Structures are given as structure tokens and as C-alpha cells.
Number of protein chains: 4
Amino acid sequence: MLSFASDYIEGAHPKILERLAETNFEIQPGYGDDAYCVSAREKLREACRCPDAEVYFLSGGTQTNRTVISAYLADVEGVVSPVTGHVNGHEGGAIESSGHKVLTLPMEDGTLDPAVLRTYLCDFYADAEGAVHMVQPGMVYVTHPTEYGTLYTLAQLEEIRSVCDEYGLPLFLDGARLGYGLASPGTDLTLPDIARLTDVFYVGGTKVGALLGEAVVFPHRAPKHFFTHMKQNGAVLAKGRVLGIQFDALFTDGLYLTIARHAVEQAEVIRKTLLEAGYRLHIDSPTNQVFVVLNGEQMRRLGERVVFTFWEKLDEDRFVIRLCTSWATRPEAVEELCGILRELAV
Amino acid sequence: MLSFASDYIEGAHPKILERLAETNFEIQPGYGDDAYCVSAREKLREACRCPDAEVYFLSGGTQTNRTVISAYLADVEGVVSPVTGHVNGHEGGAIESSGHKVLTLPMEDGTLDPAVLRTYLCDFYADAEGAVHMVQPGMVYVTHPTEYGTLYTLAQLEEIRSVCDEYGLPLFLDGARLGYGLASPGTDLTLPDIARLTDVFYVGGTKVGALLGEAVVFPHRAPKHFFTHMKQNGAVLAKGRVLGIQFDALFTDGLYLTIARHAVEQAEVIRKTLLEAGYRLHIDSPTNQVFVVLNGEQMRRLGERVVFTFWEKLDEDRFVIRLCTSWATRPEAVEELCGILRELAV
Amino acid sequence: MLSFASDYIEGAHPKILERLAETNFEIQPGYGDDAYCVSAREKLREACRCPDAEVYFLSGGTQTNRTVISAYLADVEGVVSPVTGHVNGHEGGAIESSGHKVLTLPMEDGTLDPAVLRTYLCDFYADAEGAVHMVQPGMVYVTHPTEYGTLYTLAQLEEIRSVCDEYGLPLFLDGARLGYGLASPGTDLTLPDIARLTDVFYVGGTKVGALLGEAVVFPHRAPKHFFTHMKQNGAVLAKGRVLGIQFDALFTDGLYLTIARHAVEQAEVIRKTLLEAGYRLHIDSPTNQVFVVLNGEQMRRLGERVVFTFWEKLDEDRFVIRLCTSWATRPEAVEELCGILRELAV
Amino acid sequence: MLSFASDYIEGAHPKILERLAETNFEIQPGYGDDAYCVSAREKLREACRCPDAEVYFLSGGTQTNRTVISAYLADVEGVVSPVTGHVNGHEGGAIESSGHKVLTLPMEDGTLDPAVLRTYLCDFYADAEGAVHMVQPGMVYVTHPTEYGTLYTLAQLEEIRSVCDEYGLPLFLDGARLGYGLASPGTDLTLPDIARLTDVFYVGGTKVGALLGEAVVFPHRAPKHFFTHMKQNGAVLAKGRVLGIQFDALFTDGLYLTIARHAVEQAEVIRKTLLEAGYRLHIDSPTNQVFVVLNGEQMRRLGERVVFTFWEKLDEDRFVIRLCTSWATRPEAVEELCGILRELAV
């Protein structure tokens, strides 16, 4: 059966497996001090145009969000996030478990409007007497692409940065699917822009061709004792090379962007087919995720031949589903899917 | 340069890399629901003779200890551990970070004497009035092999179990290096024994041939919501197959014990050489770790040709170092090391 | 200047100070084992018609909410609360600091609609696959009177209990201002009803005539090790008598309800005056809190002669303020206030 | 029956009750902004000779230790304490519950030897590679008087300060019984000395004549958001005046030292009697606590007429008990006790 369930349903890009095999018998120090972590860090610094960036490798998204956010926040501080932010709903309470509230703001298609952020902060500090009884805003968190597959523009991220500067708040960009954002044809936001505008962000590996791994980049400087903080959160691998080798491969000869672009192109084919066949896209995502509205009969019949993700129910007979491509999505599979979608459109 | 620094300085056993490559393009569900996790669970149940065991795969030792221990303990409970227990000193405060005290007991060569445990618990509950102001013992934690490479006997573990039963405490065995204990020639403690005598234990992969991974086994039943607890602790991999495939390979055709036995045999060669050459072993470990006493000159000269781990200073001119073998240690390297050790012994 | 700022701006009811003085030189054991705590517990059990209830005395509302909620919840569980619940916004993140998420539901005038609760729980468990990645509902929290001074009816609380039973969730009622709810003329919810319908609730002392103190009542049974849990949270007073003596006095000869009734009657006078003078009440609270809509000029002029609490801005020239009475509010002060309000109404 | 069980078994000094009554009907703002907190802060600043000190009032010792320590420590930091420190054993795991390890050092009669502290810190930082896997020392904690009723000398505290400066660590002095230390005839350590040498300390009220309350003094500056941190820890009283009035009374006309001196003098009488009668003092405490060695028969017979605290068993027939005086101890009661002790000495 065809599957467009997610971007983590295959293994790793073959180049990564190849490099793991080639280096397997080399003796290397543990805990991220190996030659491959060193090399991958250097390549990431170059890609970000940030020669002084500190780079750490962690295993997965929730682990990274938990570890980074709690490293920045004082006990009384919370992280400001759009209500749809991954940290708010889908991480089993990882942020609260580390002692911090997620301070949620309303969003538009998954993105945080800088004006909404500014109003919230302005109101919070205006009521000085009340504020001391409340959780203090301590960091701003955004995802790019967002949980809805939408993207920030350069202007929007600059404006969010500007609000953060006004209120002295660090800005964290969760890039679990960053590659697909950078590879989107319409985007004007580059990796060096992100490095310039945030205090910390991560380059997602797990969902962009690695077996596992997220590269956390601190363009200026990591919080004190960050390695120990990772250790405490169970986020240090003894064989740190496993992550170093993968990111070294992904950032050699532009592999990361190449495979992300492939996935986005396949998603574009699906979107084009859907629009031509008269479907309605629920959200206009320019990345590797496609959100389309189906009726119950269409959803049932599609489910017999394709694995997808149920997203939400709009009303009695309209449902949103998500179709997701990856570095490994074969064009023939996309063609087959498109045929089925055309058939069900009638 | 030769290195006997640790058992995590090479990659993975080639069979594991082979299986990762063979299965790479298969589409599998995420989060541990893939066919390989399912298969590996079944093989672990068989190896433990525990058909009803629940098995979960995590990434590393500190992560596993933190996640398992906090899943068992109520807020006011702590984990009882010998003072040398890995959770007490070398995990960056992971247990305390999850809200719990490590209640330390004196040890003998890294092992917890059941009599010491019983006396502690007996005294604690005898002072009912004082006890309510103190952290309540909520779990007993032992490592096997211990941090000193020593082993519990079957009789000792049975006795510890018996004390735990008297006081209604769950018993957790940290098996980060479990293979090397099971493969030790002198041991009378088997995997089924451990499954019979503990409430939870883990089979270490990272230090016994895997790229990463620890298999947590609950012989009876996992704590409620354990998967969500893993998620909250950042211990769930989206591509759970990465761990499933590795444990499936390690528990196919006895690979896990075969490679552990190889490492222990190489360590035996080193120990024999040391004793014959007149060195003193600091601790009599029957596993893949060798602890030997050197004088300053010997240590300095050895350090020019071999990477090892400094363990502790005994007095002005006597030092303990650790030499560690692994599944990947080549007999020729051991032979070379032994030659150097003989040379320095003079 | 007149002050109707809150119900904690005076000291304690004179009867309490009298009892503190009378018992001052008696030697009593510490930590809540004194004769007055014992006696107060017995009186509370009688008032609740719960002969087997366990009763503990804590110092304040946030401390009580934090201690009670975290004693019930497993690490992966959160507390379900209307979005206006005191634990959600005004306790400095005390719940999150103890590791738990506040799972917020929409409310109506501060109360939680049982139907909204049922729908939330039903939807949560319907998506079994998604649920394991999310915080598990572990307790339901309501306040009575609510933060808006409104009250649950007996039927509503019975229905909430019924939903809790369907989903196996404990129900916690925060009674920081409980007296004013019980003394409200229109209420059909009694103290024995509350004891029958909740798993735990507290009888607020600080805001109802005590210097400090909240009496936590577990009608059936407290969570294991609750005293140690209090200790860990810094919620045990060495001189526990300070709380025992106060609750013993408050629950002797019906003092608690008598002084609450006085406060509610004074608030009724204010409400009547406001309505007669043509003001609009923002929320129809039948307790000791009065929420009235003023224009900017009225608010400014009132502020010159009376201390009140600014509540919220409705639009450009309409503001809600709160006037609050207490056990100590003098009828002459209310009369003076009413005169001013009539004057400003013109 | 006579009781020398502790210094918290009576109520408050009558002057405190008097002031509570006199001020009872005054309207005052909540949360520590009342006129009495303001006045008490000023008097404490004067007593400490620290015109810029920040002063906060909390309810009890465990609450204060938990709140202060966690306000200073980053997630990966622990608090260094002598193994007998109150935070280590008798606070129900309050420090660990807030996420931090208590890093214990050996002690001598309850005091921390500055040389032991220096050696620990020196060794910790010497092993840079190992240190990053361990809890980082983040604060030094001492009690004065110690849990054994012993005192630091000025020279010792200066030396501890000096070690703290070398390693950039804040120093926290727990003064739950501070008055009895300051009032000890032999001490050369004054309140201004303590304010000069620590980063934060507290002046214990609960055990020195108040109903409840500890005054936390930050001679230089409190950690950012300390009030919100108190709130989060449930350590803010709505009627903050309750603490302000008490400390205002205690620091008017030297009442705090006067009542502490009384208690110490009564303890001196007991110590003198014991020595003259041939008893052995277990620890030579110059404060309000007396630690004496009894045989089993003596202990049993004393227990028939006097309440005391069992401290520890030395061997088969020798036991240490503690006798404790307070501001309220009557000389006649001491005389009676001394008679009994003389009688049992035969």
C-alpha cells in the first residue's frame, strides 16, 4: 500500500548509511568529541555563515525543545508560543515536566503574528502589580515550517526579533522540518537569516533524511553548562559519532537541501493535481506537507489504498487529511497517488 | 595509537549496519510500532523466558535511568543506590532534576550488600515520627556489572529481592554493560534469573555492540502511561526502527552474548598478563574492564602508547587505571598491549 | 480612605486572637499534632458530615493548590481547569513548577460547564494514538465561589462528579472563599454536599477571618505520604497550633458561616444600591464580591475616595471594577460607599 | 509534665500577640506591602548594618531553604552542604523536589571545615573532563547554629567566604535558630558580620519567639523575580502583615536578642548542672540546645518525668538525648529539671 503518512517512515539517506559503514571501525572519543562531530559543526557554521556558532547534536525534537528551553528559562519563566506550537500539545508535557509553563498566544495558520506578540508583552508589563503573581515570559518559541506547514517571511521573523529585542527575550526557532522550509520555492528566509535573527535554532535531521538527530545552533553563545544540561536531560549519546557522521554527510555537497527540495517538489505535484481536480486545500503550505479537504466517502476510499494522516473534522461531512512526502518519496508513487486522487474527485 | 579507553569508541557490530541497510527503504510506522521493534521485543521476551514482559527501547543509559526511575517514584520517594551507583555521581543530576533524591548506601567494590540494605530500611521505618520528615525509599537500584566491573551472585540478587519484598519496594537493575556480566565465565546469574528477580531492568546496547540503544524490560508490567512518560523525557525516537533493528540483530542467533564473550576473553588475556608480570589488580573484575595499579612512571609511559582511563589516585605514587575491551577489540591489539605492559613491568 | 479592595486587608476575627492569647503558654507538640489541630479536625469532620475525613492545615491558597494537585498527579498527568481557574494564571506557575500542565477548558462566568468537560474527555480518549503523545488528564479542578464570584449549583456539581466518575478522575474544589459561597442566600450547595461530591477540597481561612490558613479535607482518604508531601513543599508549620487554634475557633458555634454571612449581606446592600442607581453589574455574583461597570470619569472619581480593584477594560470608556467585603466590613462604611456611588451615578 | 522537647512548643512572645491585637482592624495592603513589613525591613537593615539589603518574610525553615536555594541555582547546579545540613536529611527532599542535588561534604560536629570545602572544589574543577558529567556546585549552605548546636567562629566564616569567592559561589546561611547563636556568650560572630560575609541568610522567627516566620536578608541584592519565585513555591501570605508585625516586634528594643539570651542562659544552667553531676556532654553546644549522654536506665526514668528528644544511640547502653530551652522556658522548670538530673546521676 502507498504511504504518505509522514517524513519519518523510511530509514536514512543512503549516503548516511554509507558513511556509517566506512567509519565504523575507526576509534573515536565519545560524547560528541569525535572527528565527525567536529567536522559537522564546522560545516554547519559555514552553512549558517556563523563562524563562532556553538553547535550541539541531540536525538529528537521533543528532547531538543525540552533541553534548549529549560536551559534558558529561570524557574519563574515560561516560553511564549503560538497555541499550536509543538511544545504546547504534542510533547507529553515535556516543558511543564521541566518546570515551565507554555504561555500560549493565538495564531494564524500556525504562525505567530509579531503584532500579537507585542501586544501580549506590552499588556503583561503594563500591569506591574499583577505581573509579579504570574509566570514571567522568558523566551519566544516559533517553528519553521510551522505545524501547519506554513512559513515565516524574512520580514515577519525580523519583526519578531525586533519585539524580542524590545523586551530582552531570547528567540528560539524549532526547525524539526527546517530543510523543507529552506527548500520551498517561495521562501525569502535563508539559513544565514535564521542564524542572524535567532538566539538558538535547530536543523532537523530525523525528518530530513537522518536516522535520528537534530543540530542545535547557538549563533552567539550557548547557555552556561549546556553540555551538562544535555546530560541531565538524557540527551547525550556515548557514541556521539552517530550524530556527527550523519550531519557531516547531510552538510557535504548540499545534500540536506537537495533531498529537502526533492520532497517539496513531490508535494508540489500533489498540490497541483488536487487543485486541478477541484479539491480545496485547507492550508496553503508550500512545503512537503499537503493539507486537503475530503468528504467522508473520499476519505474512506482513499484510506483503502493510501496511508495518510487524519488532521481534523471541519463539519459533518468535511475532513482535513495530511499527505506528506520525504527525501525517499518515489515519483512513481506520487503519480499513482495522483491517479487515485483524480479518480476520487469525480 | 592503541586505545582501550572504553567500550563505546567504535561503531556498531557489522551485522547491525547490514540490517539497517537492508531495511532502509521499507516503510514502517514510527515511535516504536514498526515490525522490527515488534520482532526484537519478542526475541527479548524469549531470551528472558518472560512471555508477558513489556519491552521499550530508549537511547542511552542516563536517559533510561532517569525515565524508569521517575516513572516509578511518587514525588516524596527517592531511589536507594549504593553510593557508587551511576545515577548518583555521573549523570549530571538527572534523578534530582526529575525531583527525586538518590538515597545512598555504603558499598563493597561497587555492590550493594543485602544486609546493609535491610539495616537501612529497618532503621528508617523504626523511627516513624522522624520518617515522615524524610524522603521515603521508593525503589532499589543496582548495576550489573557494577561501576567497578564486579558482579552480583545469584544468591545476592535473590537476597536483595527478598529485602525488597519485605518492604514492598520495586527493584531496578541497570544493565548498561549487562552483556559483559552475562558472558563472564564465573557468573551464576542468567538473564532469566534477572527477569525473575527484578521489576525492571535494561539490556544495554550502546556499550555492547549497538550504535545506541537500551532495551528496558518490565517482566511483569510497565508503570501506567510509560510511553507518554518516555515522550515527556525526550526518550522517544520518531524512527523507532533504528532501535528495533539493532536489538533484533543483537538477539538473533545469540549475537549479543557472542560479542560480549569476545570482549571478556580479551580482558581475561590482559588480566592474566598483568598478574604474571607482577602487577596488582585494584579490583577483581571478571568482565570487560581491567583495573590495575601502576606507579607514576609506568602510567606516564603507558600513556605515550595506549589510551586508557584514569580511575583514581591511591597515594603519592600509585594510581589505578582502567583498560576496557569491546566487541571490536582485535586480538592483535591486545597482544601489542600485553607486550607493552610486560615491558613496563620490569 | 474607605477600602473595599479585598477580603484580606484586615487581621483576624477577634475570637481567633483571643484564643491564640489564651493558649499561648500551653506546651503542645509541633507539626500539627497539637490538641487544637486535633479538635479542629473533629469539628470540620462534623461540619462536613464526614466522620472519616482526613484533614490537614496549610498556610495559603497557592501553597494548597500546588501541594494537593501534585500529590494526586503522576508525572505525565495534568490538571483540568476552566481557563480562568486560579491555578492557571495567578499562582506564578506553581503547578508547572511542580511538573504538571494546566489543561484549560473554556468557561462561562468562571464556571466549568459539565458538558464542556465531558466533550473534552470524550474527544481526548477517542484519539488513542494521539493521546499517548499528550499530557493525560489526571484531576479536575474547580473553584467555589469562582474567580468571578459565581457559584455552582448542586445539580452542576453532581454532574461534574458524574463525568469524573465516568473517566476515573479525582475532583478537587478550591474553596479559598468557600464561606462566602456557603453563606450566599441563593445557593443550594452545602458543605456536606461538597464533601460527598469531591475527592478533596479546602475550606479557606485566610480570606474568611483567619490570619492565615486553609483546611484541606479528604472526605475519603488522603494520598499516601501526604504529610511528607506537604513537608517537601514547605507547607508544614513547626507551630502547627497556629492553624489548629484558628480553625477550632472558626468552627466553634458556627463562627465561620456567621462572619461569611455578614460579608455577603454587606455586598448585597452594595449590589442593591448599584442597581437602584442604574449601574450595570458585570457579573451577577451572589457572594462577597461585587463587579460593576463604570465609565472612566466615574472610576476616576470613585478612586479618589475608595480603594477598589480594577478588573478589566470593556471598551474605550467602560471599565469593570470589583468591590469586596469581608467579615470586618462595617455597615457604616458600606453606607458611606453607597452614598458615594449614588452621587456618581447621576 | 516538664517539656524540653524543642523551641517551638509554646506560642509567641506576648509582645507579638499584643501587637497583632493592636493592629488588627487597620486596613493594610496584602502580600508584604503593608506598613509593618516595611517597618520590619527597615529595622532588620539597621540591625544588619546593611542599608541596602532586600528583606523578604517567609513562613518556615524548609520553605525558606527550598525557595532561596532554587532561586539561586541553575538546573545543573547543586547546593554544597555538610552531610548533616538540615536540607540534606530532614526536609522531605524539598531541594531535590525543586530539581537540585544536595552535594554533601563530611563535617565536624555539624560545621563545615573551610579546608574540606576548598579541597572538594579544587578536586572537582581539576577533572574538567569528568566534571561536565556531574552536578555543578552552585551555592554553599551552612547553618548557624548548626544542627548540633555548634557555632562558626568569625574566622571560619571569613575563610568559607574566601573559598566561595575563589570559586564564584554564593554563600547561604540558614539561621533558623540564629538568635541563639548571636546570644551565645562565647561567640565572636555578629549579625553585621553575617550580613557582610554571606550573599543571603535568614533570621529565624519560628524557633525564636514568633508564631511563624523567617526573615530572608539579601545584603546586596535578591535574585531577579524573587517575589514571583516565592509565589510559585507557595511562600507568599495574602495577609503578609502577620509576618511583618512579628518581626517588627522582635526587632523593636532588642527583643529578639533578649529572648534568645534568656533561652541560652537557661541552657547554661542545665549544662552546668550536668557537668557538676558527672554527666558527659555529647557535643559542646553553647546555644539553647543541650546534648547529653545517658545510660538506658537514666533515659527511661527521665522520660517518665520530662519530655526530651532522643538523638542517637552510641552503643548498647549509651544514648544521646537533647534538651532544648526557649524564650518561654521558666527558671522554675529548669530548676525542677536540674533536680531530677542530679537525682538520676547518682
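## A first look at the sheet, the helices and the chain contacts

In chain C, strand E6 (residues 171–174) and strand E7 (residues 200–204) run parallel and are joined by two bridges; helices (H or I, at least four residues) and strands (E, at least two) are DSSP runs, numbered from the N terminus. Please keep in mind that this is a predicted model, in which local features need pLDDT of at least 70, side-chain atom pairs count only at pLDDT 80 or more, and totals for chains, interfaces and linings use all residues. Residues are numbered from 1 along each chain as its sequence is written, while chains are lettered from A and ligands numbered from 1 in the order in which they are written.

**The sheet of chain C**

- Phe172(C) stands opposite Val200(C) in E7(C).
- E6 and E7 belong to an open sheet of seven strands with mixed pairing, in the order E2-E8-E7-E6-E5-E3-E4 (chain C); two strands pair if DSSP finds at least two bridges between them.
- Strand E2 (54–58) and strand E4 (102–105) of chain C stand at the edges with a single partner strand each, so one side of each has no neighbour in the sheet.
- From one strand to the next, the twist averages 25°.
- Helix H2 (residues 35–48) of chain C packs on the sheet, where it touches E2, E7 and strand E8 (214–218) of chain C. Two residues are in contact if their C-beta atoms, placed from the backbone, lie within 7 Å.
- The direction of H2 makes about 120° with that of E2(C); axes are lines fitted to C-alpha atoms, for helices over the stretch in contact, and angles run from 0 to 180 degrees between N-to-C directions.

**Two helices side by side**

- The axes of helix H6 (residues 114–126) and helix H8 (residues 154–167), both of chain C, come within 9 Å and cross at roughly 10°.
- H6(C) and H8(C) are therefore roughly parallel to each other (angles under 35 degrees count as such).
- Among the residues making this contact are Leu117(C) and Leu121(C) of H6(C), and Ile160(C) and Val163(C) of H8(C).

**How the chains relate**

- A rotation of 180° with 0.0 Å of shift along its axis superposes chain B on chain C (RMSD 0.0 Å), by least squares on the C-alpha atoms of residues with pLDDT of at least 70 in both.
- That is the relation of a two-fold axis.
- Ala74(B) comes closest to the rotation axis of the residues of chain B, at 3.8 Å (C-alpha).
- Elsewhere, 45 residues of chain A are in contact with 44 residues of chain B.

Methods
Parallel < 35°, antiparallel > 145°, perpendicular 65-115°, else oblique.
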